[in-house]
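Trainee: Hey, could you walk me through a protein model? I'm new to this and would like to learn how to look at one.

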Amino acid sequence: MMQTELTPKAQATRQHILDTGYALVLNKGFAGLGLQEILRSSGVPKGSFYHYFPSKEAFGAALLTDYVARYADRLNVLLDRPGTARDRLMRYWQAWIADPDDPAAAGWAEGCLVVKLAAEVADLSEDMRLVLTHATDRLVARIAALITQGRADGSLPAGAEAGALAQCLYQMWLGAALLSKLTRTDQPMRRAVVATEHLLACEVGDMPERNSR
């Protein structure tokens, strides 16, 4: 059943299951999370769960779709704030380390389902993999657009092709976020800030094509 067909009460219940599932998946991963734990934590019976999601995999795909939409809204708010394109791009990377609205809170990387699930779902669910693939493609395109805007407004110098540079930066930040989880320190991401500034400031030759993976 499509979400648009649900009553407001049913939509609220479905969203409650997704919100509960997000916290559980962020803590345990997807494969290690049992359906019974989702049911128990969300307080819904199995029949109600299957009313909204025909399978655990369908739940996972819906969870990622919901997360991606919320992330996009959050990103829009962040990037709509004043500043040059370079300012806005660096504001985004800094948000990975610390929430721009609450510097004492964890950064966006801490709650990122791409960081948490990318390797896991790539072999587990084609539907979930596609949700994340399309989301990261759109995000890289957004980063590339900011690089192009920065070169137009003079806040960034000319350099490597914007799409390839955006892909390189995003890949670097994903790796830095993973290392930060392993080391339990934000130092890998802070080093990524320095590397990002360097890459944005100078020409990078022989970078791979944007669609190379």
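Predicted model: local features only at pLDDT ≥ 70, side-chain atom pairs only at ≥ 80, totals over all residues.

Trainee: Okay, how many helices and strands does the protein chain have?

Mentor: Nine helices and two strands. Reading from the N terminus, the order is α-α-α-α-α-β-β-α-α-α-α.

Trainee: And what does the chain span along its principal axes?

Mentor: The C-alpha trace spans about 55 × 35 × 35 Å.

Trainee: What share of the residues is buried?

Mentor: Buried residues make up 43% of the 213. Here's another one for you: if you take the contacts with a separation of 6 or more, 63% of them are between residues 24 or more positions apart.

Trainee: Let's go inside. How many residues are in the largest nonpolar core?

Mentor: That core has 66 residues, and those with the most contacts inside it are F59, Y92, W93, W96, I143 and I147. Helix α4, residues 56–79, gives the largest share, 11 residues. As a general point, nonpolar side chains tend to be buried together in soluble globular proteins.

Trainee: Which residues does Y92 touch, leaving out its neighbours within four places in sequence?

Mentor: Y92 is in contact with Y71, L75, L78, L79, W108, L139 and I143.

Trainee: Switching topic: how many cavities of 30 Å³ or more are there?

Mentor: One. The largest cavity has a volume of about 30 Å³.

Trainee: What lines it?

Mentor: Look for Y71, W96, W108, A109, C112 and V115. By class that makes six nonpolar residues, with no polar and no charged ones. You've already met some of these names: Y71 and W108 are among the contacts of Y92, and W96 is one of the residues with the most contacts inside the core.

Trainee: What about helix α2, which of its residues are buried?

Mentor: In α2, residues 35–42, the buried ones are L35, E37, I38, L39 and S42. What covers them includes α1, α3 and α4.

Trainee: Which residue has a positive phi although it is not a glycine?

Mentor: R184 does, at about 55°. For comparison, most residues other than glycine have a negative phi.

Trainee: Where is R184, and is it buried or exposed?

Mentor: R184 is in the loop between α8 and α9. R184 counts as exposed because its relative accessible area is 79%, and the cut-off for exposed is over 50%.

Trainee: What about the loop between α7 and α8, which residues are found there?

Mentor: Among them are L156 and E161. L156 counts as buried because its relative accessibility is 6%, whereas E161 is partly exposed at 47%.

Trainee: Which residues is L156 in contact with?

Mentor: Setting aside neighbours within four places in sequence, L156 is in contact with R86, L146, I147, G150, R151 and L200. I147 also came up in the core list.

Trainee: And how far apart are L156 and L39 in space?

Mentor: 50 Å, C-alpha to C-alpha, and they are 117 residues apart in sequence. For E161 and R142, 19 residues apart along the chain, the C-alpha atoms are separated by 14 Å.

Key: Residues numbered from 1 in each chain as written. Heavy atoms only, no water. Core = buried A, V, L, I, M, F, W, Y, C linked by side-chain atoms within 4.5 Å. Buried < 20%, exposed > 50% of the residue type's maximum accessible area, 1.4 Å probe, protein only. Helix = DSSP H or I, 4+ residues; strand = E, 2+ residues; numbered from the N terminus. Contact = heavy atoms within 4.5 Å. 1 Å grid on protein atoms, 1.4 Å probe; cavity = no way out; pocket = protein on both sides within 12 Å on 5 of 7 lines; lining within 4 Å. Points joined across faces, edges and corners; volume = space filled by probe spheres on them. Nonpolar A, V, L, I, M, F, W, Y, C, P; charged D, E, K, R; others polar.
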